[in-house]
Amino acid sequence: MSPERHQRAVEILETKTGLEYSDDVEHTREWADALAAADDEGVDAAPLIVNIELPGFAPQGIRDLVTGLADDLASRDGIAAAEVFLIRTCRVCGCTDMEACLGGCWWPSPTDDICSACTPASGGVR
Ligand SMILES: [Zn+2]
Ligand SMILES: [Zn+2]
């Protein structure tokens, strides 16, 4: 148990039950309840890193909005950082490098975010 969690449990115990913390108290039900309460508060939880993925074709306005949201998140307790990632996403079917279309697809154009399965001119895979 971390010192922080122990400390918090002692506080909860003493404010809730009026009991004073001692070694004997650790054998009581009240102590178990205080520990559970400290757990509920997430005292031990490691700060989170939040990753937000956005399609690469998202308009600038949306990107700014989401970036602002990420900054806001990063300033909250329990969140260490929030990052926005632009993921190249087919603007027709929504597939990405991580999740290609059934049967596989590729990017016929270096600039246009449309995959081969959605580009009839490329001869498609289906
Ligand atoms: Zn596609
Ligand atoms: Zn695709």
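Guide: Helix α1 covers residues 3–16, 14 residues in total, and runs 20 Å from its first C-alpha to its last, close to the 20 Å expected at 1.5 Å a residue; the expected span is 1.5 Å times one less than the number of residues. Helices here are DSSP runs of H or I with at least four residues, strands are runs of E with at least two, and both are numbered from the N terminus. The model is a predicted one, in which local features need pLDDT of at least 70 and side-chain atom pairs count only at pLDDT 80 or more, while totals for chains, interfaces and linings use all residues. Residues are numbered from 1 along each chain as its sequence is written, and chains are lettered from A and ligands numbered from 1 in the order in which they are written.

Visitor: What makes the buried residues of α1 line one face of the helix?

Guide: A residue is buried if 20 or more other C-beta atoms, placed from the backbone, lie within 10 Å of its own, exposed if 12 or fewer do, and partly exposed in between. In α1 the buried residues are A9, I12 and L13. Seen down the axis of α1, they fall within an arc of 100°, the arc being that of the directions from the helix axis to the C-beta atoms, so they line one face. The face turned away from that buried side carries the exposed residues P3, E4 and T15, and α2 (29–40) is included in what covers the buried residues of α1.

Visitor: How do you know that the span of α2 agrees with its length?

Guide: The twelve residues of α2 should span 16 Å at 1.5 Å a residue, and because its end C-alpha atoms are 17 Å apart, the two values agree. Just after α2, G42 has a positive phi of about 70°, and G18, which follows α1, has a positive phi near 75°.

Visitor: Why is L19 called partly exposed?

Guide: L19, in the loop between α1 and α2, has 15 C-beta neighbours inside 10 Å and therefore counts as partly exposed. Leaving aside its neighbours within four places in sequence, L19 is in contact with L13, E14, V25 and E30, where contact requires C-beta atoms, placed from the backbone, within 7 Å.

Visitor: What makes the chain more spread out than a compact globule?

Guide: The chain holds three helices and two strands, running α-α-β-α-β from the N terminus on. Its radius of gyration, taken over C-alpha atoms, is 25 Å, well over the 14 Å that the globule rule (2.2 Å times the number of residues to the power 0.38) gives for 126 residues, so the chain is more spread out than a compact globule. Its C-alpha atoms fill a box of roughly 80 × 30 × 20 Å along the principal axes, and buried residues make up 10% of the 126 residues.

Visitor: How is the chain divided into domains?

Guide: An automatic or database domain assignment supplies the bounds, namely domain 1 (3–40), domain 2 (46–87) and domain 3 (89–126). The C-alpha centres of domain 2 and domain 3 lie 26 Å apart.

Key
Contact = placed C-beta atoms within 7 Å.
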